[in-house]
Number of protein chains: 2
Amino acid sequence: MNSTIETILRHRSIRKFKNDPITPEQIKTIVKCAQHASTSSYVMAYTIIGITDETIKEELTTISGHEHVKNSSHLFLFCADLNRIYHLASKEDQEKMKESIESTEQFLVATIDTALAAQNAVIAAESMGLGVCYIGGIRNNIKSVNDILELPDYVIPLFGLAVGYPAHQPEQKPRLPLNVIYHENTYDIKKQTSLIEQFDKDLEKYYIQRGENARTDTWSDQMIRKYTNPIRMDVTQFVKDKKLNKR
Amino acid sequence: MNSTIETILRHRSIRKFKNDPITPEQIKTIVKCAQHASTSSYVMAYTIIGITDETIKEELTTISGHEHVKNSSHLFLFCADLNRIYHLASKEDQEKMKESIESTEQFLVATIDTALAAQNAVIAAESMGLGVCYIGGIRNNIKSVNDILELPDYVIPLFGLAVGYPAHQPEQKPRLPLNVIYHENTYDIKKQTSLIEQFDKDLEKYYIQRGENARTDTWSDQMIRKYTNPIRMDVTQFVKDKKLNKR
């Protein structure tokens, strides 16, 4: 096993950071690595905003409900961005571009581009001994985040990424068995069922035994609880108001 | 610079592969690394399908229009998957889950989860000396791909990933200047404009000078051409027919 794979397999989300600052050089390396991810047809349809303003950081902490947003050494906000491309064109071409830019396909393209870049940023950061936590919680009030940062049409804040030196070493959250996730030539729901039953039993033991936040729970129960309680239903309209995913 | 960052910065998409096979052990490592990516609220909302059936590989080659799909040593298909979770629940709970599962928010969650996993797979593969190419071209006829693999509702094929040992070393495609992608505390379109103008000039030189497929082009021209010609507009309805992104 090489050191890159070791880094990937060592991953855990870090929610407590040391006070140690990360350097401008490190930030640059992280962004540069993000940019080296693959991009669909060279569109590079994302923008990364570094949040150094304490007031904004405070506001994003409140929205996400996570103290580690504020306590991170550096906070990135990853945005899907088709506005940059729209701005390249003449008024006439902009009119012609709307059908494409506002389609679900391009919403997918920009979202995937952004996520690939972010994951490169994560692996780069972790390879430098930093810890990270994705902050999907900014979508608890996506409209507010949008307004705070005055994002134009065709730009959507997708998630934050809190980065800093780890001040704890949480246990690693078990993943679904490989054969639940990985199939050959077909999508097989039947083989998943018994494997998930076993996973639930194993996870139950993990939750009871683990040091922090011990509880009785299974993956299936968590998922059923989560999905029977709809959240962030306003994201649908928000995205359309930003003129994406609407055609 | 550590070896992980070197791997990330060395990335280029590989479109010609050697005949050398990749081993089941390597495939396992790649999938395991994919699974170690962060996942929103532990949902692990993706499925990876290895395509080893030659007929299916041939069909995906035709749909994507890329010979390197067929010529890869291993082809992965990455799917956003909320069906697994839906299947955990009783009929009664399934009814309650629909509002959430069918929302744009959960379509985003599953898409981002899938992309983060895929990029981990890419970095793992590249760290082992393999080359990769994302195959967004499977969305040229996403309905066909869906039908070939008989994917159920709530499962969307997002992209392929062709993997194998590189049989060429293409030049690295320049990225937008860091300051076009990275901003602080605000979204600044103005500062991007002059930087993109310079990038276009530099890229024009790159295209004229490069060995393979030399041509006269700029990034802005490419993007305007691309986005004034809508493609894959059927993805919108396809996704809704799969019951995602519809509420």
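Modeller: Between chain A and chain B, 49 residue pairs are in polar contact, both residues being at pLDDT 80 or more; such a contact is a pair of N or O atoms within 3.5 Å, where within protein one must be able to donate a hydrogen and the other to accept it, and residues adjacent in sequence count only if both atoms are side-chain atoms. On the side of chain A that touches chain B, helix 7 (residues 104-127) of chain A gives the largest share, 15 residues. That side divides into 60 nonpolar, 36 polar and 16 charged residues, with Ala, Val, Leu, Ile, Met, Phe, Trp, Tyr, Cys and Pro taken as nonpolar, Asp, Glu, Lys and Arg as charged, and the others, Gly among them, as polar.

This is a predicted model, in which local features need pLDDT of at least 70 and side-chain atom pairs count only at pLDDT 80 or more, while totals for chains, interfaces and linings use all residues. Residues are numbered from 1 along each chain as its sequence is written, chains are lettered from A in the order in which they are written, and side-chain values use heavy atoms, without hydrogens and water.

Four salt bridges are found across the interface, each a side-chain nitrogen of Lys or Arg within 4 Å of a carboxyl oxygen of Asp or Glu. One of them links Arg139(A) with Glu105(B), whose closest N and O atoms are 2.8 Å apart.

Strands also meet here: strand 1 (residues 46-51) of chain A and strand 5 (residues 182-184) of chain B run parallel, joined by three bridges. Within this pairing (DSSP finds at least two bridges; helices, H or I, have at least four residues and strands, E, at least two, numbered from the N terminus), Gly50(A) stands opposite Glu184(B).
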